[in-house]
Each structure stands twice: as C-alpha cells, then as structure tokens.
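The sequence and the model are shown first.

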Amino acid sequence: MPVRIAVASLIQETNTFSPQPSTLDDFRAQGLWLGAEAMDRSAGTNTEFAGAVERIGEAGARPVPIMRAWAMSGGVLDRPGFATLRGLLTDGLAAAGPVDALVLCLHGALVADGAAAADAVLVEAARAALAPGVPVIVTHDLHANVTRRIVRAADALIGFHTYPHVDQGETGRRGADLALRAADGGPMPGTALAKRPMLVPAESQALADPPMARLRALADAATGGPILDVSLFPVQPWLDVPELGFAVTVTHTGAPGAAAAAEAVADRIAGAAWDGRAGFSVQPVPVAEAIRRIRPGTGLGPVLLVQSADSPTAGATADSAAVIAALREHGRGLRAYATVVDAPAVAACFAAGPGATVGTVVGATLDPRWSGPTPLSGTVRRLGAEPVILTGDSMTGQAISMGRWATVDTGEGLVVLVTERPAPTFDPAGYRHAGLEPADADTVVVRSATMYRAGFRGIHAGAILLDLPGASTPRLDYLEFRHAPRPLHPLDPTLAEGSR
C-alpha cells in the first residue's frame, strides 16, 4: 500500500492595523476548495499546495487533498470565519482516514479574533485530529511571525527562500520531501528557532539586496549534513502581536547532535541579522516630488509609483486615493494608470455603462484615517467582473477576484481602475485584465512593497517608493504598537546592543 500524505493549505496574512475585519467571504471570493476539488483547481499553479501534491505523486506516494483556502491579506479574521476554517481542516483530516504525514501550508501571520497566534492553533488542531505520532510538516511565507508555540506543535517548519516570493511551489515540494522522509520511518526531523527584537520595512527585505542577500548566503552555506533547511523570517511589520520579531528557523535530520547544531546555526544567523539592522532603512519620497521626476514619452517603460503604504497584499484596504489626487494635481500630461477600491463608484460606473461620462468621488470608503476622497470624472471605458489570472512569477496561474470593476479615463492622461475588491497590481495582469497595458504608460501605480519587482521585471524604467501614511506604510513610526514586545527596533532607538 502506498504512503498516504495529507496536504492542506489555509493561508491569509493579517494586518492588525487594518480596520476591516476579514470574514469567511474573503476566502470564498478567492477560492475555498475541499478534497479533490482543491487538487484539481490548484493543479499547475505556483502555490505551496500544488507543489506538495506534485512532489508526493512523483515520489510514488499518494497525496490526500484536504482543503485549499486562500484570501487576500486583510484585517483580523472574525471568530465565526476562523472557527469554520478550523472545522473544515479537522473534519477533512478525520474523514481522510489514516495518513502517514501531513503537509500543512500556512502563511504564519494569521491573526483571528481571540487568537493572536492563529496558525499555531491550526497546527495544534490538526495534530489532535491525526493519529498519535503522525508527522506534521508546516510551510510558511517569509513574512510569517514564527512563534515558539508553532515550532513546538510542528515536527518541522520551513519557509520561502525568495522575496519577491517566486518559490511557493518549490516550498511545497520541500515540505513534501520532509513529509516523505518522516513517513519513511527514520529519525523525526526537528526545527530550531532563534528570534531578535526587530522589525524591518518590507521594502528592504528583497533577497537580491543587502542585507538580506548576505543573510540568505549564510543560510545556504549552513545547509548540508544534518541541516536540511534554513529559512529566514524578517516578518511583515504591520502586525501588533506578542512575540513579534525577526526569526530564523533551522530544520535538522533529528540525528544525534543535529538539534544542537541547528540551534547554533539559528542563533548565529539571527545575530547577523541583528548586527546588520541599520542596513534595512529605506528612504521614501514625497508624492509630488516623485511625480515631478517622471518624464512623458521616454519609450523606456513606465516609472512605477510604489504606494506600498496602502498595499492589499500587506492587508491594507487599497482605498486611499492620495496618489490619484496627486496625479491629477501634478501629473497632467503623463499617461498614468492607478487603482482604487471603491464599491459605490463601481456601482455608478455600471449604472452609467460603457462610453458614458461619470462624475463621482473615489477613496476613503473603507479606511478614511490616512486620506480623504477625491473627485474623479471621465469616460467609462470598460466594465467587468471576471477574476484576474496571475501571469507573473509569483503565484503563477492563481485566480484573484477584484469583484466588479470599471476603468475611468479622465481625458487628461490618467486612467483609474476602480474595483470592489483590491486589484493585484504587483502583477501586470491586474491592469492588463482591464485592458490597460502598463508598457504604454509613463507611470503606473503599484500597491506593493516588493512583489512588483518580480511581476514587472524587464518592463519598467524604475520605481519610486512613496512617503505616505497607511496601514502598511514603511514608516513604522506612523503606527501605534500596543501588544508587541518592547523594546523593539526601530521603534525604540535606545534599544541596547545586549538585547540580541
């Protein structure tokens, strides 16, 4: 009888500074699939779930699909939604029958109402639903907040090795390899964890740039022999929870002496991250100055205006119209594309119809703390409701719903994609889906900290990080942390060297 390995995926990144709670509907909108449907609809995508399923099959074992639930990053998940998802996971495992291991794909930064460490709760629930001794292998996003609780609950925990994230499928395959190894009857793998009290802007976390490139090199050099995997978790910084901080996990074979070796590696690399913390600073540019730097008609591709302070892939609401207002004031003559979430404006466009002129206001319908609404008048060019299929290197093939959407051409060079749900602007497919080719523009607004670097690779002439407040701002001093452990770099500049 072939080895049977269960695979489940339940992924959302929480931004605790978002005022909009997440619900089960957010998962339903983007894909909540059970059993065989999860395997069929995920096939061929660059996702952890698909990668794990593929690798298990290649090894001659039998993948047992439990569930795949994914939602765009958002606010704290409400209690009914979390209870339902946890129940689907445990009920699915109970119905699956005996399995030899579980690969559980989680983000690692999920917060539910009443559960600051929601991912750990899911691992504990999954383990309780399995027979005693069944290995549980957990995969995480690089932006996870890894806790001691989840490391205790899992047999092994690994994460992405890339940012921008392009190795989701490969991470699933690595998780499956660990599950196959554990199911083979050898020593049970284990994971060591080291943390440091520091937050760093997501804009400075790209693995191709220092200081993360140096840390990744140290991790790769340490891998081998009893060390099976070294994962870096610089954590997404818009998370106000206990035990917040930069983490390093080192997964080992479980052989004698391997755990001590893993702990030493984890501590050494975490120490290197702490020592290099000053190198994670970023220099955002005021919006008006950024727009003035852009020249029309260069033919070199668009300059990207990086509105990461209101990034939906970081859990913000994507309804700030601050950059749209600035483009109308300072960007006349520029061919510019921008997006905004505004359901009432979408309804107005649908009521008017294609080709009609609309006059409305957009912005600040969900989170008015950071900017107000701004007027938007123009011609409705296109309307739609079908989901976007991602075509870039990250989450390739995954469908993302924008809800209903409309494009409004102001006649002054600015075209705005107005949506009911956030558009995935880290991938050019978000604009192309609405008939807007980024290569035709002088400037394109991307609501993304770093992921856009994979999606727009080779088709842009540069990127300018904008200095704006917001729920996902790189200016962490704009945010009020109440639950995170203190002192915490860079919120506490006098943090002592000995805190490492």
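## Strand pairing

Two strands are said to pair if DSSP finds at least two bridges between them. In this predicted model, strand β13 (residues 374-384) and strand β16 (residues 405-409) meet that condition, pairing in the antiparallel sense over five bridges. Within this pair, Thr379 has Asp409 of β16 as its bridge partner.

## The eight-stranded sheet

Both strands belong to an open sheet of eight strands with mixed pairing, whose order is β12-β13-β16-β17-β11-β18-β10-β19. Because β12 (357-362) and β19 (462-465) stand at the edges and each has a single partner strand, one side of each is left without a neighbour in the sheet. On average, and with direction ignored, neighbouring strands of this sheet are turned by 35° against each other.

## Helices on the sheet

Helix α11 (residues 322-330) lies across β10 (303-306), β11 (336-341), β13, β17 (414-419) and β18 (443-446), and runs at about 145° to β11. Helix α12 (residues 343-352) also packs on the sheet, where it touches β11, β12, β13, β16 and β17, while its direction makes about 175° with that of β12.

## Helix α7

Helix α7 (residues 168-183) has 16 residues and reaches 23 Å from its first C-alpha to its last, which is close to the 22 Å expected at 1.5 Å a residue. The buried residues of α7 include the glycines Gly169, Gly172 and Gly175, together with Arg174, Leu178 and Leu180. Just after α7, Gly185 takes a positive phi of about 95°.

Note on methods. Residues are numbered from 1 along each chain as its sequence is written. This is a predicted model: local features need pLDDT of at least 70, side-chain atom pairs count only at pLDDT 80 or more; totals for chains, interfaces and linings use all residues. Side-chain values use heavy atoms; hydrogens and water are left out. Helices (H or I, at least four residues) and strands (E, at least two) are DSSP runs, numbered from the N terminus. Axes are lines fitted to C-alpha atoms, for helices over the stretch in contact, and angles run from 0 to 180 degrees between N-to-C directions. Contact means heavy atoms within 4.5 Å. The expected span of a helix is 1.5 Å times one less than its number of residues. Buried means under 20% relative accessible area, exposed over 50%, partly exposed in between (1.4 Å probe, protein chains only).
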